[in-house]
Amino acid sequence: MRPDRPGSRPGHDTRPQGPKRAVAGGGGHIARKRFGQHFLSDLGVIDEIVRAIAPKPGQSLVEIGPGLAALTNPVVERSERLTVIELDRDLAARLRKRSELQVIESDVLKVDFGAIARDAGQKLRVIGNLPYNISSPILFHLLPWADHVVDQHFMLQKEVVDRMVASPGNKDYGRLSVMLQWRYAMENVVHVPPEAFDPPPKVDSAVVRMTPLAEVPAVDPQVLEKMVAVAFSQRRKLLRHTLGHWIEEHGIDTDFDLQRRAEEVPVSDYLALAALKR
Ligand code: SAH
């Protein structure tokens, strides 16, 4: 006789049921690895993401990498109109058949989001399950247009989201944290396991919400970028060994505390220092 597992009733299958899957609307599309294609398929997760975005009619939503429309469908159902940016020709051709979608067939890194916002006559809400191989370049491509954006909801590798939202003193706090936090408030809103995708990626994922700060600090992002790279070039060392030289080189007069490690310094201190460079 087979020993019963605790709590199991005879004849009752207690195996966990797999997540509900989106109807296989792939129509034979084979996922292209070079385009970072991992299609969302777990309906529960899709619903959670769409609720986090909360699209409304009249808003100007732009989706990066709609793929087989797993997010596109429930979003456009709520927003009525949606602009999508897709690089894959075959996928773009399918999407063009739908009148409620405005399709931009392009590499997102070449898209002028300022022009889209001007055409729309309002600020944009940008969303997307991003191709992970170019997720940082996409974030930095969007940075200069932050004043044309209401918010951004992106699915990324969880490890990247951890670095984006990390606070000083946290092991994940680094260049990416500073270079995005000076311009956006960010929060991790949904955790997504590999099984939610088809094919599943090798890593955990998360959805981050990025909201541009209303008060834009007066800083040259290029100066900030160079300065932060110097500061974090040797994470373990005190800043007098790294940033100290940068301050001297540029003849900056400051009482910035160099007896700290880069990972202990708040974003506002970096901004204040960068503003002193002429
Ligand atoms: N949003 C879909 C697909 C995500 S996979 C879903 O959640 O199921 C990433 C998508 O980004 C794919 O559709 C891929 O073709 C597209 N993509 C990859 N590189 C791109 C680029 N440089 N510009 C625009 N889209 C790109």
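**View 1. The centres of domain 1 and domain 2 lie 32 Å apart.** The separation is taken over C-alpha atoms in this predicted model. Domain 1 covers residues 33-212, and domain 2 covers residues 221-275.

**View 2. Domain 1 and domain 2 touch each other.** On the side of domain 1, nine residues take part in the contact. They meet twelve residues of domain 2. Sorted by class, the side of domain 1 that touches domain 2 consists of five nonpolar, three polar and one charged residues.

**View 3. The ligand is surrounded by 24 residues.** The closest are Phe 39, Gly 65, Gly 67, Asn 129 and Pro 131. Two elements each give two or more residues to this shell: strand S1, residues 39-40, and strand S3, residues 82-86.

**View 4. The shell around the ligand, sorted by residue class.** Of its residues, 15 are nonpolar and six are polar. Three charged residues complete the shell around the ligand.

**View 5. The fold of the chain contains ten helices and nine strands.** Which contacts, among those with a separation of 6 or more, make up 59% in the chain? They are the contacts between residues 24 or more positions apart.

**View 6. The chain has 278 residues, of which 34% count as buried.** Along its principal axes, the C-alpha trace spans about 75 × 60 × 30 Å.

Technical notes: Residues are numbered from 1 along each chain as its sequence is written. This is a predicted model: local features need pLDDT of at least 70, side-chain atom pairs count only at pLDDT 80 or more; totals for chains, interfaces and linings use all residues. Helices (H or I, at least four residues) and strands (E, at least two) are DSSP runs, numbered from the N terminus. A residue is buried if 20 or more other C-beta atoms lie within 10 Å of its own, exposed if 12 or fewer, and partly exposed in between; C-beta atoms are placed from the backbone. Two residues are in contact if their C-beta atoms, placed from the backbone, lie within 7 Å. A residue is near a molecule or strand if its C-beta atom, placed from the backbone, lies within 6 Å of it. Ala, Val, Leu, Ile, Met, Phe, Trp, Tyr, Cys and Pro count as nonpolar, Asp, Glu, Lys and Arg as charged, and the others, Gly among them, as polar. Domain bounds come from an automatic or database domain assignment.
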